[in-house]
Amino acid sequence: MAASEVGRLEIDGRQMQYRIVRSAKRQKTMAIQIRRRVVLVRVPAITSTRRITRFVESRRDWIADKLAEVEAAQGARHTYSDGEIHDYLGRRYPLKVVAVSSEAGRVKLDRGKFLVEAPLLVTIERQKRFIQENLRNWYYARAQVKIAQVVRQVAGRVGLEPKKIAIKDLKRSWGICRSNGNISFCWRLVLAPPDLIEYIVLHEICHLEQLNHSPAFYRLVERYQPDYKERAARFARWVAGLALDEPN
Ligand SMILES: [Zn+2]
């Protein structure tokens, strides 16, 4: 009988889970499969957890690339049409497309809706791209402000100051801390609930002192965020939910 266990892998501050499937058949080697957003690790029936962990970690980059591809494909499924749900700071807002003559592409949150102005005289395809671009610019701008606020708070509390922070279109992670003290965050982080943004920010700030995932690093994280494990689990669920909410 094939049993199934769960393992964890961190990809630049992003917790993900994988399912270990122990084969009842005479499988000799380990293999990783990605089905939608689920990572399956097929292994011979008798394989130690340590060997599986080492194997999965050696394939970290490959897994990250594959997951990014799946996400990109799902992101492309947004229709940017009236009523479609888009997230901001953990809340869900329906899109309301307002036809206007200007090409300014204004976006604003108004009474629980994302109002997006789009010019009339374009094809559906061009209008969709227009809305997508302007909505994304809006998220970028909000991310610059919101994430900088959280960084200031967290950095002040921990007493570690990044040299520079940047908001980028990161494909494979939510945050990256470099040894020169620069930290980058993915603009999409601004879609998450504030306490989960804080979870990612604290993780990266702690890397300013410990640029590794050693026990010392996690002790530092825990000192400033005793519930970080609970947040990590919630963050993983939030990320999974992002895709599930995507319309066809
Ligand atoms: Zn990390």
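A residue counts as buried if 20 or more other C-beta atoms lie within 10 Å of its own. By that rule, 23% of the 248 residues of the chain are buried. The model is predicted. Its chain holds six helices and eleven strands.

**Overall build**
- Along the principal axes, the C-alpha atoms fill a box of roughly 65 × 50 × 30 Å.
- Take the contacts in the chain with a separation of 6 or more: 44% of them come from residues 24 or more positions apart.

**Nonpolar cores**
- The largest nonpolar core has 38 residues.
- I147, F185, L189, I197, I200, V201 and L202 touch the most other members.
- At least two residues of this core come from each of strand 8 (113–119), helix 3 (124–158), strand 9 (164–168), strand 11 (182–186), helix 4 (194–206), helix 5 (215–224) and helix 6 (228–244).
- Another core, of seven residues, lies apart from it; Y18, V39, V43 and I63 are among them.
- Leaving out residues up to four places away in sequence, L202 touches V154, V221, Y224 and Q225.

**Domains and their contact**
- The chain divides into domain 1 (3–74) and domain 2 (85–240).
- Their C-alpha centres are 27 Å apart.
- Domain 1 brings eleven residues to the contact, and domain 2 brings 14 residues.
- On the side of domain 1 that touches domain 2, strand 1 (4–11), strand 2 (14–23) and helix 2 (60–75) each supply at least two residues.
- Strand 2 gives the most to that side, with four residues.
- The residues of that side split into four nonpolar, three polar and four charged.

How values were computed:
Residues numbered from 1 in each chain as written. Predicted model: local features only at pLDDT ≥ 70, side-chain atom pairs only at ≥ 80, totals over all residues. Buried ≥ 20, exposed ≤ 12 C-beta atoms within 10 Å, placed from the backbone. Contact = placed C-beta atoms within 7 Å. Core = buried A, V, L, I, M, F, W, Y, C linked by C-beta atoms within 7 Å. Domains from an automatic or database assignment. Nonpolar A, V, L, I, M, F, W, Y, C, P; charged D, E, K, R; others polar.
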